[in-house]
Amino acid sequence: MPWKNGGGETVEIACFPEGAGLNDFGWRVSSARVAVAGPFSLFPGVDRTLSVLTGDGLMLDFADGAEVRLDLASAPYAFPADVPVAGTPLGGPITDLNVMTRRGMFAHRVTRMSAPARLAAGAGAFALAFVAAGEAQVPAQDGRPGAALASGDAALVTGGAAMLLPGPEGCRLLLVEFAPA
């Protein structure tokens, strides 16, 4: 789908409630390719966390003069989505993972993982694992089938728990946890 500001395209991975648009989601996870420098879309009342998935990195330039460099090794970076910021890809196009929550409805946390992880979601909460590179496995448990995940795949847990096992080589995972505000 097109970016809100028309400057590119994004792939929506998951949102809540299902079928919500850009103006009424409670939370949203998407991925975008950033090939040229430009402003980020503004989302009033929304918090955002950005993680670089591919490429050499991304420089974020905030309206207040602050600069933040993100790359494959940096921690996911959280900032308000209603603050003007421009992004400049470093050394060529990048792909990012963008997690957003509407303030007053949900809060979120994004963590880079490379070890087995327990995805847990209590009442009204959600957990999402995104495979940034390599492969991972959600083993069968409690009568539910397992799933093999490849790079670009995600597993969403709603009201329960599941284990996520990274593959043997080069697996990079992002764990996203959503909690009601």
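Me: In this predicted model, is Phe126 buried or exposed?

Reply: Happy to start there, and keep in mind that the model is predicted. The cut-off for a buried residue is under 20% relative accessible area. Phe126 comes out at 10% relative accessibility, so Phe126 counts as buried.

Me: How are the rings of Phe16 and Phe126 arranged as a pair?

Reply: A pair of aromatic rings is described by the distance of the centres and the angle of the planes. Here the centres of Phe16 and Phe126 are 4.8 Å apart, and the planes stand at 45°. Planes under 30 degrees apart would count as stacked and those over 60 as edge-to-face. The angle for Phe16 and Phe126 is 45°, so the pair is tilted.

Me: How far apart in sequence are the parts that the pair of Phe16 and Phe126 ties together?

Reply: Phe16 belongs to strand S1 (residues 10-16), while Phe126 belongs to strand S11 (residues 117-133). The pair therefore ties together parts whose separation in sequence is 110 residues.

Me: Is the peptide bond from Phe16 to Pro17 cis or trans?

Reply: Most peptide bonds are trans. Pro17 lies in the loop between S1 and strand S2 (27-34). The bond from Phe16 to Pro17 has omega near -5°, and this bond is cis.

Me: Which residue lies over the face of Phe25?

Reply: For a charge to sit over a ring, the cut-off is within 6 Å of the ring centre. At 4.5 Å from the ring centre of Phe25, the residue over its face is Arg102.

Me: Where does the largest share of the lining of the second largest pocket come from?

Reply: About 190 Å³ of space lies in this pocket. Its lining has 13 residues, with Val138, Arg144, Pro145, Val157 and Ala162 nearest the centre. By class, nine of the lining residues are nonpolar, three polar and one charged. The largest share, six residues, comes from strand S14 (residues 154-166).

Me: How far apart in space are Asp56 and Pro93?

Reply: Asp56 lies in the loop between strand S4 (46-54) and strand S5 (58-62). With a relative accessible area of 48%, Asp56 is partly exposed. Asp56 and Pro93 are 37 residues apart in sequence, and their C-alpha to C-alpha distance is 8.0 Å.

Me: How far apart in space are Glu9 and Pro116?

Reply: Glu9 lies in the segment before S1. The cut-off for exposed is over 50%, and Glu9 has 59% relative accessibility, so Glu9 counts as exposed. Glu9 and Pro116 are 107 residues apart in sequence, and from C-alpha to C-alpha the distance is 32 Å.

Key: Residues are numbered from 1 along each chain as its sequence is written. This is a predicted model: local features need pLDDT of at least 70, side-chain atom pairs count only at pLDDT 80 or more; totals for chains, interfaces and linings use all residues. Side-chain values use heavy atoms; hydrogens and water are left out. On a 1 Å grid over the protein atoms alone, a cavity is a set of points where a 1.4 Å probe fits but cannot get out, and a pocket is an open set with protein on both sides within 12 Å along at least five of seven lines; lining residues have an atom within 4 Å of a point. Grid points are joined across faces, edges and corners, and a volume is the space filled by probe spheres set on the points. Helices (H or I, at least four residues) and strands (E, at least two) are DSSP runs, numbered from the N terminus. Ala, Val, Leu, Ile, Met, Phe, Trp, Tyr, Cys and Pro count as nonpolar, Asp, Glu, Lys and Arg as charged, and the others, Gly among them, as polar. Rings of Phe, Tyr and Trp (its six-membered ring) pair if their centres lie within 6.5 Å; planes under 30 degrees apart count as stacked, over 60 as edge-to-face and the rest as tilted. Buried means under 20% relative accessible area, exposed over 50%, partly exposed in between (1.4 Å probe, protein chains only). A charge sits over a ring if NZ of Lys or CZ of Arg is within 6 Å of the ring centre and within 35 degrees of the ring normal.
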